[in-house]
Amino acid sequence: MRRLIVAITGASGVIYGIRALEMLKDIAGIESHLILSPSAIRTIGEETDYEIDAVRALADTVHAFKDIGASLSSGSYKTEGMLVAPCSVKTLSGIANSYNDELIVRAADVCLKERRRVVLLLRETPLHAGHIRLMEQATLNGAIVMPPVPAFYHRPKTLADIIDQTVGRALDLFDIDTHNVKRWTETNDA
């Protein structure tokens, strides 16, 4: 069983994390571990029609935000890595600076020290120099900063198409194929 950590922070775009959990639920051999920040719980209520218990039910295991003694806080607990979707600037700052005062940042720090993949769907715009420095430091630490910027070559028809493409591409980074990604193919029109 492959374990993937999914963290949802309070940044706008909580649907990315929720959709990741939905996609992972349909993939055999993947065990999802969810961490919700307190701000994420509020944002889920603001941005979606999901009940918090329904979001929690999408994960195989739910970990308490402040439980820095959870299994995910040890490198001996093997995971494929971690997807932070969405990733707030506060969480980015914690990850960039190894400020492990809660489980999302601690789990990310553990993944990075164990050389496991950490993908951050950073949700902030516009960016100032401080944000850019934090992205640089997180990248130097080994994280992948992947702002959820939509692609249009697959000609999305709905917001769900855009979300699925973005989440599918993020999960690609863990070698998890959701079969939701429209892949680029060469055309003979050139």
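**Exercise 1.** Determine whether His-131 is buried or exposed in this predicted model, and state which residues His-131 touches.

*Solution.* Step 1: the relative accessibility of His-131 is 10%. Step 2: a residue is buried when its relative accessible area is under 20%, so His-131 counts as buried. Step 3: His-131 is located in helix α6. Step 4: leaving aside residues up to four places away in sequence, His-131 touches Val-89, Leu-92, Glu-124 and Pro-126.

**Exercise 2.** Classify the relative orientation of α4 and α6, and describe the contact by residue class.

*Solution.* Step 1: two packed helices are described by the angle between their axes and the distance between the axes. Step 2: helix α4 spans residues 89–96 and helix α6 residues 129–141; they pack at an angle of about 45°, and their axes are 8 Å apart. Step 3: angles under 35 degrees count as roughly parallel, and 65 to 115 as roughly perpendicular; α4 and α6 are therefore oblique to each other. Step 4: the crossing in which α4 passes α6 is left-handed. Step 5: α4 contributes Val-89, Leu-92, Ser-93, Ile-95 and Ala-96 to the contact, while α6 contributes His-131, Leu-134, Met-135, Gln-137, Ala-138 and Asn-141. Step 6: by class, this contact of α4 with α6 comprises 7 nonpolar, 4 polar and no charged residues.

**Exercise 3.** Carry out the corresponding analysis for α4 and α5.

*Solution.* Step 1: α4 packs with helix α5 (residues 103–113) at an angle of about 40°, the axes being 9 Å apart. Step 2: α4 and α5 are therefore oblique to each other. Step 3: α4 passes α5 in a right-handed crossing. Step 4: on the α4 side, Thr-91, Gly-94 and Ile-95 take part, meeting Ile-104, Val-105, Ala-108 and Leu-112 of α5. Step 5: the contact of α4 with α5 divides into 5 nonpolar, 2 polar and no charged residues.

How values were computed
Residues numbered from 1 in each chain as written. Predicted model: local features only at pLDDT ≥ 70, side-chain atom pairs only at ≥ 80, totals over all residues. Heavy atoms only, no water. Axes fitted to C-alpha atoms, helices over the stretch in contact; angles between N-to-C directions. Helix = DSSP H or I, 4+ residues; strand = E, 2+ residues; numbered from the N terminus. Parallel < 35°, antiparallel > 145°, perpendicular 65-115°, else oblique. Left-handed = near helix turned anticlockwise from the far one by under 90°. Contact = heavy atoms within 4.5 Å. Nonpolar A, V, L, I, M, F, W, Y, C, P; charged D, E, K, R; others polar. Buried < 20%, exposed > 50% of the residue type's maximum accessible area, 1.4 Å probe, protein only.
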